[in-house]
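Please read the following note beside the model, taking the points in order. Each point is meant to be checked against the sequence and the coordinates as you go.

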Amino acid sequence: MVEAVPTGVRAAAVIFMLLVLAFVLGPLVVVAGVSFTAGDYVTFPPEGLSLRWYRAVLSADVYTHSAITSLRLAALVTLAATVIGTGVAVALHRRRIPGTGFLSALVLSPLVLPTIVFALGLLMLWSSVVGRTSFYSLWLGHTVIAVPYVIRTTLAVLATSDPFLEEAARTMGAGPWRTLFHVTLPQCLPGIAAGGFFAFNISFDEAILSLFLRSPDIMTLPIQIYTQLEFSPDPSIAAASALMIALTIFLIVAIDRLLGIQRVAA
Amino acid sequence: MTMAAVELNCVTKSFGDVQVIKGVSLAIRKGEFVSLLGPSGCGKTTLLRMIAGLEKVTTGSIIIGGTNSTRLPPERRDIAMVFQSYALLPHLTVRENVMFPLRMRRLGRKDEQQRRVDEVLEMVQLGHLANRRPRELSGGQQQRVAVARAVVSRPQVLLLDEPLSNLDARLRESMQEELIQLHRQTGLTTVFVTHDQEEALSLSDRVVLLNEGRIEQEGAPTDLYSAPATPFSASFMGSSNLLDVQIEAAKGAPCATLAPGSALPLEPGCAAAGPATITFRQEDVQLLPADAEEGILATVETRLFLGSRIRYVITAGAHRFRCLASPGHSFAAGQAIRVRIPPGRIRVIGRTLA
Ligand SMILES: Nc1ncnc2c1ncn2[C@@H]1O[C@H](COP(=O)(O)OP(=O)(O)OP(=O)(O)O)[C@@H](O)[C@H]1O
Ligand SMILES: [Mg+2]
């Protein structure tokens with residue numbers, strides 16, 4: 001197959017791929033590089049090597065507190081988004097409810113609408129219905145934008161599964177509920193895991209929604225990094241970012257170990 | 001009268017305004033192997049799914065093992081089903097798949113269940129693959145797991161929807177033999193859906209031929225094969241030839257006149273004079289040289305070599321029909337020949353309206 005591709009096209013493809021790699025990996029390399037600097041300023045390449053900014057980040061309350069807030073928020077968002085997203089995906093997949101097409105467009109809309117529109121709308125809605133913003137408004141906002149990812153990944157897994165599995169379970173003596181727990185949900189598991197991973201990451205690094213929906217006493221890690229960058233930029237922001245990257249990589253490896261990345265990527 | 005294992009009483013099914021099953025009544029004896037045969041879209045799957053409870057019955061009733069099951073959900077019917085796609089649970093091993101119906105139906109203690117599963121896996125020769133997952137099996141092996149999983153709970157009736165259609169020709173043949181064997185061993189009442197007439201004939205005690213949501217004809221395989229009652233049955237039961245002819249009862253024995261001076265003799269007393277349709281199988285047509293003493297004059301239109309047989313398309317006057325001959329004697333396309341059909345092999349089915 002490769003032989004059939006003209007040399008020019010092949011060269012262009014290689015160059016294009018290198019460019020993509022450069023733009024994807026470049027920022028990560030720079031952040032990681034800066035985070036190990038021994039100097040006082042954000043410079044690349046770093047001046048000398050040290051772990052002093054990691055030490056600074058891990059001992060600074062502003063970072064550890066905001067990190068704990070972000071982790072707690074991301075965990076709760078992951079929980080809510082996977083439960084809601086899985087339920088919606090299973091319902092949409094069965095196509096038993098009228099207006100399935102419209103409903104799927106609606107629940108997937110946060111994927112395509114600008115986050116800022118959502119943030120503003122949710123803020124206004126929350127203020128008029130509930131009142132002051134809080135950790136809960138943050139939880140709600142993050143969940144709303146995370147749910148579509150769970151729906152998408154779960155629907156993708158369901159689409160490739162045998163449509164007769166549930167009926168087969170019924171003919172084997174399993175009622176509707178036991179079919180759900182013994183057949184449908186185990187089917188969805190790779191999709192739920194992938195969706196949960198997306199949900200966690202989206203919540204963990206979401207800044208726009210957080211800015212709109214948090215109350216002044218709540219600080220998430222992305223906002224902390226942004227504030228630090230704006231008011232007193234130093235290499236600690238690079239170290240904090242590098243730690244976020246490390247957490248993401250850890251999650252990917254963990255999911256791969258537990259479920260196999262091919263199944264999740266399906 | 002012994003009680004039927006499955007009884008369908010005037011069952012109909014409509015999807016919206018379209019009626020796809022138009023009143024089917026059928027009693028299946030305990031231990032009987034019944035095939036539902038018919039062309040694509042005639043309603044075989046729909047009928048089977050209604051027995052399983054996966055499709056609601058519009059009117060009529062379904063009795064399974066003496067229990068009126070018309071309104072029961074599938075899990076409360078004493079049935080098992082093998083799906084065309086096998087529908088094995090991909091997250092479970094072969095053993096867990098076969099165990100599933102026993103677990104769900106809470107049949108027997110854990111160790112009894114284990115023993116039953118081992119027994120059934122041995123029966124389909126899959127004991128050594130018990131710990132594999134379905135995706136690690138070949139199509140034929142998956143098929144066996146599906147069958148094992150269906151028979152393990154010893155259901156009142158075993159339902160199979162074209163279970164062999166995804167297998168290649170050779171595997172299909174050996175699976176047919178295994179199914180017969182399995183049926184003999186388990187004695188399970190079986191309803192087998194297929195659109196392959198050979199498969200239906202070779203497997204079943206009784207063939208039910210469906211046409212557009214109705215039973216066209218039912219009976220033992222040999223009856224259906226040798227005595228199709230309608231033109232549809234005749235043509236569906238394997239490329240039989242159908243000819244519109246004039247029956248004449250000139251000097252005692254009747255004959256079927258294809259054209260003036262060209263008549264096929266029939267068995268005495270098989271039909272009254274007048275227009276009618278006759279049918280005969282293509283392997284019953286005998287081809288003779290043009291100078292033979294008997295037979296009607298005809299011409300070879302095409303000749304198709306099939307390996308063990310040769311298929312000819314023959315024209316006689318305005319009529320065309322097919323013939324399947326052994327390669328012993330050979331005629332070329334365009335050659336004039338004579339055709340003989342043993343009178344006992346020709347069936348007169350229904351009168352054509354003149
Ligand atoms: N869910 C449905 N909604 C509407 N029409 C349906 C539905 N299921 C089946 N039909 C129609 O009912 C008729 C019978 O379908 P069925 O699947 O029973 O045929 P079949 O004999 O099994 O055919 P095949 O050999 O192709 O599997 C067809 O005309 C089909 O279009
Ligand atoms: Mg079918």
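The numbered points below go from the model as a whole to its two chains, a ligand and some single residues.

1. **Basis of the note.** This is a predicted model, in which local features need pLDDT of at least 70 and side-chain atom pairs count only at pLDDT 80 or more, while totals for chains, interfaces and linings use all residues. Residues are numbered from 1 along each chain as its sequence is written, chains are lettered from A and ligands numbered from 1 in the order in which they are written, and side-chain values use heavy atoms, with hydrogens and water left out.

2. **Confidence.** The model as a whole scores ipTM 0.79 and pTM 0.78.

3. **Chain A, overall.** Chain A has 12 helices and zero strands, where helices (H or I, at least four residues) and strands (E, at least two) are DSSP runs, numbered from the N terminus. The C-alpha trace of chain A spans about 70 × 65 × 30 Å along its principal axes. Of its 266 residues, 40% count as buried, a term that means under 20% relative accessible area, with exposed meaning over 50% and partly exposed lying in between (1.4 Å probe, protein chains only).

4. **Chain A, contacts and surface.** Among the contacts in chain A with a separation of 6 or more, 70% join residues 24 or more positions apart, contact meaning heavy atoms within 4.5 Å. The accessible surface of chain A comes to about 14,700 Å², and 74% of this surface belongs to carbon and sulfur atoms; such areas come from the Shrake-Rupley method with a 1.4 Å probe, and for residues only the protein chains shown count as cover.

5. **A residue in chain A.** L140(A) is found in helix α6, which covers residues 135-160 of chain A, and is partly exposed, with a relative accessible area of 37%. Leaving aside the neighbours within four places in sequence, L140(A) is in contact with L122(A) and W126(A). The C-alpha atoms of L140(A) and V77(A) are 7.9 Å apart in space, although the two residues are 63 residues apart in sequence.

6. **Chain B, overall.** Chain B has eight helices and 20 strands, and its C-alpha trace spans about 75 × 45 × 40 Å along the principal axes. Buried residues make up 51% of the 354 residues in chain B. Of the contacts in chain B with a separation of 6 or more, 66% are between residues 24 or more positions apart. The accessible surface of chain B is about 16,300 Å², with 49% belonging to carbon and sulfur atoms.

7. **Surroundings of ligand 1.** Which residues surround ligand 1? They are F15(B), V20(B), P39(B), S40(B), G41(B), C42(B), G43(B), K44(B), T45(B), T46(B) and E162(B), a residue being near a molecule or strand if one of its heavy atoms lies within 4 Å of it. The largest share of this shell, three residues, comes from helix α1 (residues 44-52) of chain B. By class, the shell has four nonpolar, five polar and two charged residues; Ala, Val, Leu, Ile, Met, Phe, Trp, Tyr, Cys and Pro count as nonpolar, Asp, Glu, Lys and Arg as charged, and the others, Gly among them, as polar.

8. **Atom pairs at ligand 1.** An N or O atom in the side chain of S40(B) is 2.5 Å from an oxygen atom of ligand 1, and for the side chain of T46(B) the distance from such an N or O atom to an oxygen atom of ligand 1 is 2.5 Å. A polar side-chain atom of T45(B) lies 2.6 Å from an oxygen atom of ligand 1. The protein covers 57% of the 630 Å² of accessible area that ligand 1 has on its own.

9. Apart from neighbours within four places in sequence, V245(B) is in contact with A256(B), T257(B), L258(B), G274(B), P275(B), A276(B) and I278(B). Of these, I278(B) is 33 residues away along the chain, with 7.0 Å between its C-alpha atom and that of V245(B).

10. **A loop residue in chain B.** T230(B) is placed in the loop between α7 (221-226) and α8 (231-236) of chain B and is buried, with a relative accessible area of 19%. The side chain of T230(B) makes a polar contact with the side chain of E216(B) at 2.8 Å; a polar contact is a pair of N or O atoms within 3.5 Å, where within protein one must be able to donate a hydrogen and the other to accept it, and residues adjacent in sequence count only if both atoms are side-chain atoms. Beyond the neighbours within four places in sequence, T230(B) is in contact with E216(B), Q217(B) and I349(B).
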